[in-house]
Amino acid sequence: MERFESAKAQYARLGVDVERALEQLAGKAISINCWQGDDVSGFDRPDGSASDGIQTTGNYPGKARNFAELTGDFAFAASLIPGKKRINLHASYAVFGEGEWADRDRITFEPFRPWVDFAKDMGIGIDFNPTCFSHPMVVDGMTLASPDPDVRRFWIDHARACRSIAEEIGARLDDKVLNNLWIPDGLKDVPADRLGPRLRLKDSLDRIFTEPLPHVIDSVESKVFGIGLESYTVGSNEFYMGYAATHPGIYNLLDNGHYHPLEYVSDKISAMLCYFDILPLHVTRPVRWDSDHVVLLDDELKEIMKEIVRNDALGKVLIGLDFFDASINRIAAWVIGTRSAQKALLYALTQPNEKLRALQDGARFTEKLALMEDAKTLPLGDIWAEYCRRQGAPQDGEWFEQVARYERDVLLKRA
C-alpha cells in the first residue's frame, strides 16, 4: 500500500488521477476468445481440426476436448484475471447432446443454452462469430463469395442462423452481443476476376443483414491475406469499410494482425471514430504475418489502448482478443494475453493525456516529447499491483504456480 501511495503521488504531479483510472479499468470488459483453450477445434466436426485459413501449431498436453473441460479451464483462467470479462464464442462450439446434431446452416439457439447458463453463473457477457472455416462446404477456398450458388446459400443460411442465435443470447443475458463475420474467401494465385467475387459477397451480405436485431451488434472483419489465399482476399479492408459505411448498423472490425506489417491499427482508430459510433477490435500479436500469437505488453498494444483512451472512446470501442497457441500451456496463454491487454489499458489510462494534448495544440512539441518520455518510466507496476489486490486477483509472480498446479492435477490427466 505504501508503494501504491507513492506511485499515485508521482502520477498526480503530472495531473493523472490514478483512482479514476482504476475505476475506468474495472468497468471495461475484455472479450476473451474461447478458442485458445482447444486450438480452434470446436465441437461440431468429427475430426475437430481447424483449416481453411486457420492454422494452430504445437501439441502442448492438456487440450480441452469438450464443453465441460473448456469451460472448466476458462473459469480457472478467469479467476486469475482481474476486472470485467466476456467470452467470445464461435458457432463451431455448439454443444450437442447425445444423438443430436445439426449442420451449420441449420443450427439454432438450443446448443448454446449451456453457454448462456455458464455465462450467467460466471457473471460475464458473450460475443459470437459465425464459423466459416473447417467445413466441407468451404469449396475451393470460397464461402459467401463462391461462384456456386449452393455454397453461397449454405453460408448465407449459416450467417443468418448465427445472427438469430446471437439475438437469443443477448435477450437471455439482457445484453448486446457482438456478432462478427469473417470469411476465408480468396485465391492462392493471381486472380483473373477480382470484381465478381466481391459483388457476390456484397449480395450475400445484403441477404444476411436483412433487418436490425435489438440485442446484436453486427460487424464484418477484413484480412490482407491468409493461408491458401496469398494473392487475393475478397473481404479486404476497403471492401468492408465501404460496406459498413453504406449500411447503417454494420461495423468494420479491426484486427491488428490483418493488415500489412507497416500498417498500424492504432493509427486507424481515430479515423474510424470520425464516422462510426461503435468500433470493434480483435487484439492479437502478429509475428511477420497474421499468426495470432499470445498478446504481450508491446508498443503497438499500448498505442492501441492510448488511442482508445485519448479519444474518450472506452464506451465505443469493443475490445476482444484473438490468439491461439498450442505450443504453451493454454490457460497461461489466456492469463498472459488478457492481463497484458489490461496492463496496456491501465498504461493508457495513466498517461497525462490532457496535458499532452494541450502541449500539442500549443505547438510546444519539445515539451510534449519530453513529457511523453518522462511518463514511460512512471511506476505502473505498483498501480497494477493495487488493482489486482482490489479485484481479488493474484499479482504478477503469484499466479503461475496456480497454473502449474492445475496442469499437474487436471491437464496432464487428460488422455
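Predicted model: local features only at pLDDT ≥ 70, side-chain atom pairs only at ≥ 80, totals over all residues.
Residues are numbered from 1 along each chain as its sequence is written, and side-chain values use heavy atoms, with hydrogens and water left out.

Which residues of α9 are buried? They are Glu 300, Leu 301, Lys 302, Ile 304, Met 305, Lys 306, Glu 307, Ile 308 and Val 309. Their cover includes α8, β9 (279–283), β10 (317–321), α10 (330–349) and α11 (353–361). Helices (H or I, at least four residues) and strands (E, at least two) are DSSP runs, numbered from the N terminus. At 1.5 Å a residue, the 12 residues of α9 should span 16 Å, and this agrees with its end C-alpha atoms, which are 16 Å apart. The expected span is 1.5 Å times one less than the number of residues in the helix.

## How α8 packs on α9

Helix α8 (residues 265–273) packs against helix α9 (residues 299–310) at an angle of about 15 degrees, and their axes are 8 Å apart. That makes α8 roughly parallel to α9. Angles under 35 degrees count as roughly parallel, over 145 as roughly antiparallel, 65 to 115 as roughly perpendicular and the rest as oblique. The axes are lines fitted to C-alpha atoms, for helices over the stretch in contact, and angles run from 0 to 180 degrees between N-to-C directions.

On the α8 side, Val 265, Ser 266, Ile 269 and Ser 270 meet Glu 300, Glu 303, Ile 304, Glu 307 and Ile 308 of α9. Contact means heavy atoms within 4.5 Å. The residues of this contact divide into four nonpolar, two polar and three charged. Ala, Val, Leu, Ile, Met, Phe, Trp, Tyr, Cys and Pro count as nonpolar, Asp, Glu, Lys and Arg as charged, and the others, Gly among them, as polar.

## Two positive phi values

Just after α9, Asp 312 takes a positive phi of about 50 degrees. Asp 312 sits in the loop between α9 and β10 and is exposed, with a relative accessible area of 66%.

Ser 134 also has a positive phi, near 50 degrees, in a residue other than glycine. Its place is in the loop between β3 (125–129) and α5 (149–173). Is Ser 134 buried or exposed? With a relative accessible area of 8%, Ser 134 is buried.

Asn 252 belongs to strand β8 (residues 250–255) and counts as buried at 1% relative accessibility. Not counting residues up to four places away in sequence, Asn 252 touches several residues, including Tyr 240, Met 272 and Pro 280. Leu 89, in strand β2 (residues 85–90), counts as buried at 0% relative accessibility. Among the contacts of Leu 89 beyond four places in sequence are Cys 34, Trp 115 and Phe 128. Leu 89 and Phe 128 are 39 residues apart in sequence, and 4.8 Å apart in space, C-alpha to C-alpha.

Ser 79 lies in helix α3 (residues 67–79) and is partly exposed, with a relative accessible area of 40%.

Notes
Buried < 20%, exposed > 50% of the residue type's maximum accessible area, 1.4 Å probe, protein only.
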